[in-house]
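Good morning, everyone, and thank you for making time for this.

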Amino acid sequence: MDKITVTGLPWAPPFAQGLVRDLRVRWALEEAGLPYEVRLIDGGERSSHAYRQKHPFGMVPAFEADGRGLFESGAVVHHIAADSEALMPPDRHDRASTVAWMFAALNTVEPPIQNLFAMDLQHSEEQWAKLRRPAALDEVKARLGALSAWLDGRDYLVDRFTAADILMTTVLRFLRHTDLVTEFPVLDAYVKRCEARPAFQKALRDQMADYARNAPVAA
């Protein structure tokens with residue numbers, strides 16, 4: 001790939017720091033050994049017509065490489081992985097398994113986790129959230145139980161670290177305000193194993209440094 005640019009936020013509130021989805025893309029690029037630039041965009045620019053041509057929903061990340069753009073973090077991670085054996089196995093069947101787990105992370109595991117995250121950190125005082133939370137919690141635990149059973153005896157989702165582990169780990173991080181992951185020792189060990197990777201540490205450190213530089217000044 002030629003010059004790569006990833007968009008991110010200049011700052012996020014503490015509950016969201018380290019969770020904004022440009023982290024997934026940064027991590028994938030670090031694992032693949034690809035140099036990239038990060039362009040920080042504020043809310044005004046995200047609403048602009050020019051940016052909506054890059055990301056129709058005005059979110060981050062948007063991704064540009066080889067003069068072409070892409071949006072949706074999962075699609076971007078897959079695009080990076082498709083050209084990187086560090087993220088995608090060469091064997092045809094292993095590649096298919098990796099893609100299946102990428103879809104599972106985003107389509108099966110993330111929605112109930114994101115639902116609980118929103119209830120707890122954005123709507124906790126609303127009556128509907130208090131009534132809905134027990135059922136939402138049960139749904140998350142069911143997904144975590146199934147994932148733990150799969151990972152029992154495995155280090156990663158397939159035979160080695162892949163792009164699927166990037167997506168799954170960043171999904172599970174949305175539960176960091178709870179003890180849910182630590183209730184499943186297999187999952188707790190899995191997340192820590194993935195987070196210990198130098199590429200993740202570099203991506204997280206850089207994202208957090210952006211937030212620190214652009215933190216609002218207290219009145």
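Let me begin with a question: which helix gives the most to the lining of the largest pocket? Before I answer, please keep in mind that what you see is a predicted model. The answer is α5, which gives 4 residues to that lining, and both α4, residues 73–82, and α5, residues 92–121, each supply at least two residues. The space in this largest pocket comes to about 500 Å³, and of the 23 residues that line it, the closest to its centre are L19, V20, R21, M59 and V60. If we divide the lining of the largest pocket by class, we find 13 nonpolar, 5 polar and 5 charged residues.

Turning to the second largest pocket, its volume is about 190 Å³, and among the residues that line it are L172, R173, D188, K192 and E195. Here helix α8, residues 185–195, gives the most to the lining, with 4 residues, while the lining of this second largest pocket has 4 nonpolar, 2 polar and 5 charged residues.

There is also 1 cavity of 30 Å³ or more, and the largest cavity has a volume of about 40 Å³.

Now for the charged contacts, where the structure holds 17 salt bridges. In one of them the side chains of R26 and D210 meet, at 2.9 Å from N to O, and this pair links distant parts of the chain, with R26 in helix α1, residues 22–32, and D210 in helix α9, residues 198–213, which puts them 184 residues apart. R26 is buried because its relative accessible area is 2%, and D210 is also buried, at 7%, where the cut-off for buried is under 20%.

D210 forms a salt bridge with R213 as well, the closest N and O atoms being 2.2 Å apart, and these two residues both lie in helix α9, 3 residues apart, about one turn of the helix. R213, however, is exposed, with a relative accessible area of 59%. Taken together, D22, R26, D210 and R213 are linked in a network of salt bridges, and with that network I will stop and take your questions.

Technical notes: Residues numbered from 1 in each chain as written. Predicted model: local features only at pLDDT ≥ 70, side-chain atom pairs only at ≥ 80, totals over all residues. Heavy atoms only, no water. 1 Å grid on protein atoms, 1.4 Å probe; cavity = no way out; pocket = protein on both sides within 12 Å on 5 of 7 lines; lining within 4 Å. Points joined across faces, edges and corners; volume = space filled by probe spheres on them. Nonpolar A, V, L, I, M, F, W, Y, C, P; charged D, E, K, R; others polar. Salt bridge = Lys/Arg side-chain N within 4 Å of Asp/Glu carboxyl O. Buried < 20%, exposed > 50% of the residue type's maximum accessible area, 1.4 Å probe, protein only.
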